[in-house]
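Hi,

Here is the structure I said I would pass on.

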Amino acid sequence: MIQYLDNIHHKDSKNFFLIAGPCIIEGEDMALRIAEKVIELTNKYNIPYIFKGSFKKANRSRVDSFTTIGEEKSLEILKKVGETFNIPTTTDIHENEHAALAAQYVDVLQIPAFLVRQTDLLVAAAQTGKCVTLKKGQFLSPESMKFAVQKITDSENQKVAIIERGNSFGYTDLIVDYRGIPTMREYAPVILDVTHSLQQPNQSSGVTGGRPDLIETVAKAGIAVGADGIFIETHPTPETALSDGANMLRLDLLEDLLQKLTRVREAIL
């Protein structure tokens, strides 16, 4: 997928590529600070980098959960991040009309896991001509993602990748089946969403939990079995994050992780 992004750096490094940023856009200053730090690290380790931030969260456990600082304001911030650092950006979309809207501001459109079977949404995303990432539903087999990919390619868009984010394991946990990564790589490049794979959803409090202590373990395994990219949500202070703080990686821990993952990548090439 990254071969279609003109503004991505280190494209020929043979390293994995990284999608990283806050769960949701909380403000311009924070978005720029996170992007600047991640760019510093990805330049150091020759990692192609796409900045991620949700302009709006639609899949929330409770009606009083935070959703956005404003749709247009968030999209403008994403655009500014991309222009300031000359890097590609991505955001998730939840409704058909979001595709054309977000495509004016970002380089990659992400389809959330719970919506990956929504044909009209996938077609709308594909028809923008942007790169499209498809999060595998927690309820889907790796083999079933072939048909989600086909919805994009049948819409005359070859710029597609799959994001693995774990499968439902009981009511309140997720587990990654690493056997699915080589299977899905037969259909499209595969990105392992490390932080969402460690969510603990459906908690009685109505707030999703997580296991950030296992981020390194899951990420190393993903690189070892051939994942093309890694997806990590990161924040300077996850405990104060407005969304998904329970499973995010603290920003100051990112360098150690990227260094180790780069060494794993070098070992398997």
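Predicted model: local features only at pLDDT ≥ 70, side-chain atom pairs only at ≥ 80, totals over all residues.

Let's start with the packing. The largest nonpolar core has 66 residues, and the members that touch the most others are Leu-18, Phe-51, Ile-93, Leu-134, Val-194 and Ile-230. Helix H1 (residues 28-44) gives this core its largest share, with eight residues. Another core lies apart from it and has 13 residues, including Leu-5, Ile-19, Ile-50 and Ile-191. As background, nonpolar side chains in soluble globular proteins tend to be buried together.

Setting aside neighbours within four places in sequence, Ile-93 is in contact with Phe-55, His-98, Ala-99, Ala-102, Leu-109, Gln-110, Ile-111, Pro-112, Leu-115, Leu-121 and Ala-125.

Next, Lys-57. You'll find Lys-57 in the loop between strand S2 (49-52) and helix H2 (71-85). Is this lysine buried or exposed? Lys-57 has a relative accessibility of 10%, and anything under 20% counts as buried, so Lys-57 is buried. Its side chain makes a polar contact of 3.4 Å with the side chain of Ser-54. Beyond the neighbours within four places in sequence, Lys-57 is in contact with Cys-23, Ile-24, Phe-66, Thr-67, Asp-92, His-94 and Ser-243.

Cys-23, from that list, is itself buried, at a relative accessible area of 1%. Cys-131 is buried too, at 2%. As for disulfides, the structure holds zero.

Now the aromatics. There is one aromatic pair in the structure. The partners are Phe-114 and Phe-139: their ring centres are 6.5 Å apart and their planes are at 15 degrees, so the pair is stacked. Phe-114 sits in the loop between strand S4 (108-111) and helix H4 (119-126), while Phe-139 sits in the loop between strand S5 (131-135) and helix H5 (145-153), so the pair ties together parts that are 25 residues apart in sequence.

Cheers

Terms used
Residues numbered from 1 in each chain as written. Heavy atoms only, no water. Disulfide = S-S within 2.5 Å. Buried < 20%, exposed > 50% of the residue type's maximum accessible area, 1.4 Å probe, protein only. Phe/Tyr/Trp six-rings, centres within 6.5 Å; stacked < 30°, edge-to-face > 60°. Helix = DSSP H or I, 4+ residues; strand = E, 2+ residues; numbered from the N terminus. Polar contact = N/O pair within 3.5 Å; in protein donor to acceptor, adjacent residues only side chain to side chain. Contact = heavy atoms within 4.5 Å. Core = buried A, V, L, I, M, F, W, Y, C linked by side-chain atoms within 4.5 Å.
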